[in-house]
Amino acid sequence: MRLTHRTTALLAILVVALLAFSCQRFYLPVASPSATAPERERAITENKSLRKYFILRHGSGDYVINEIEVDPQSQQLKGRLSPLPHEHTLYTSQRKGYRYNLGKGEGVVLNEVHLYMPGTERLDTTQVVGLPLDGIQKIEVLQHDKGRTTVSYILGGIGYTIGVMAVAAVIVALTKSSCPFVSVYDGQQYVVQGELFGGAIYPSLERDDYLPLRVHPLEGAFKVRISNELQEKQYTDFADLVVISHDKNVRALTDRQGKIYTVGTLQAPVQALLNDRLDMTPALQATDKWLCLFNDTAATDNVNELVLQFERLAGARQAKLVLQVKNSYWFDYLYGEFTSAFGSYYNHWIKKQKKVPASELDQWSRDQHIPLQVLLKTTGGWKEVEQLKTIGPLTNRELLVPLDLEDVEGNEVVVKLSTGFMFWELDGAGIDYSANQPYTIQVLKPSAGVDENGKDVVPLLATGDRKYLDQPQPGNAAVLTYRLAQQPAAGQALSVVLHTRGYYEHVRHYKGKPRLAFLRGFKETGAFAAFSRQRYDYVRIQNIIALNQ
């Protein structure tokens, strides 16, 4: 198996990232029933019997409640207040993204109960105080988050558990399923920006792709590299650079069909619930690598649904949903496990697949819950807006989905994202109601372009004529130069999108007999999502065994 220098570097980065962000423990705030006085009294009494640590979250500050008692006659919560010590500020300060470190004494967070009460006046910390029970707006009990902690240890196992899902498995995943890599020159080096037409693994699935690039012109030009880093054959029909000039206070994105929208300040969701039970709101407030992994093991059908609730701008009839998202390496691993089951029959199967109509291939993908389904809550119920096709696991991509709010009533916009177990990773979500601002575009053709052997590739990429840039081996790379025809005017900024069309084919040399019984199962709806969960459980058990050893 041959790895290019870039792939080797990516492996190193991935392993370091896994070790840095995995094998961690997580806690979870769980709301106790507190809508009525009896419910509030019961929640406080039960947690007091468990010797919990009570924290009052008041408008004037955070306090410890000692000697806590509930007076049913006066309907008051009584106790002595004192300033909150530093060791109990992990949750109140929202540090570390619901993570805690036992070695640093942060496990005390699991013994906390948080009572929320409005008000701005300073509370008396010199004597017993009485607080009205009906003034308590919410009660949260902090618990160990078994689901996220387990996934963390599984990902950690990839980095160091030999024989389970070790570094070798990561290498296999990276060399199994991906697509052309795109990198841009920043003046010193080529920086990976994303992948092209992910999932278009047969000629019939060839499609256009619009990849937003983080790039600035250097001496009036952009340099973009399209490369094959993996065991596959890649075919790119054309590569246009769409340069959009607009007001400096906005930026421009395209939807999956290439229509341009300007985007202003994004409004974060006020609530994000995974499967109506796991609060993902803090994770999606910012793009910070704190992810929604669609990994709730309690989902009985192996499909995870994330419901995002946004405040609606008064009178808004249109909106732009913006997602920071990518596919997971876990999904790449699963697809490799699936195809390897064909054994020596694999290449024959691929020939048959190339004859299957694209509509049937797309329907199978939908039936397996592989796309990221976007739905909008309307007066007639949930309405599908789009099915986002795979984009690869290498980097996050900012995807824009336009929303028509004509059939949405009320002062909120509710969106649902649905996909199979651990197929996608969401790093951020926001909505924008602003009207599109004026913009101008320049569609740039490559003014120069050479492959790894110095051959001119401009004729192959200048137009969409099915005369492809053919990159059949790892290490094939084309460096393209685009000359900026017009500099932005004063007060203007540039957004850049790489518009391409193409497809790619995996190169595999499997051996052995096909596992027919296993493969037949994937004809059933939801089989791939079920396989993801089954494999997850297997890896989890193997990692627990390895960690205990």
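Student: Let's start with Arg466: is Arg466 buried or exposed?

Tutor: Good place to begin! This is a predicted model, and in it Arg466 is exposed, with a relative accessible area of 56%. The label follows because exposed means over 50% relative accessible area.

Student: Where does Arg466 lie?

Tutor: Look at the loop between helix H8 (458–461) and strand E27 (469–471); Arg466 sits there.

Student: How should I read the phi of a residue such as Arg466?

Tutor: The general idea first: most residues other than glycine have a negative phi. Now the case here: Arg466 is not a glycine, yet its phi is positive, about 65°.

Student: What is the phi of Gln75, and where is Gln75 placed?

Tutor: Gln75 also is not a glycine, and it has a positive phi of about 55°. You will find Gln75 in the loop between strand E3 (61–71) and strand E4 (76–83).

Student: What is the relative accessibility of Gln75?

Tutor: Gln75 has 29% relative accessibility, so it counts as partly exposed. That class lies between the buried limit of 20% and the exposed limit of 50%.

Student: Let's zoom out. How many helices and strands does the chain have?

Tutor: The chain has ten helices and 29 strands. Of its 549 residues, 52% are buried.

Student: And what about the accessible surface of the chain?

Tutor: That surface comes to about 25,300 Å², with 51% of it belonging to carbon and sulfur atoms.

Student: Which share of the contacts joins residues 24 or more positions apart?

Tutor: Among contacts with a separation of 6 or more, such pairs account for 78%.

Note on methods: Residues are numbered from 1 along each chain as its sequence is written. This is a predicted model: local features need pLDDT of at least 70, side-chain atom pairs count only at pLDDT 80 or more; totals for chains, interfaces and linings use all residues. Side-chain values use heavy atoms; hydrogens and water are left out. Helices (H or I, at least four residues) and strands (E, at least two) are DSSP runs, numbered from the N terminus. Buried means under 20% relative accessible area, exposed over 50%, partly exposed in between (1.4 Å probe, protein chains only). Contact means heavy atoms within 4.5 Å. Accessible areas come from the Shrake-Rupley method with a 1.4 Å probe; for residues, only the protein chains shown count as cover.
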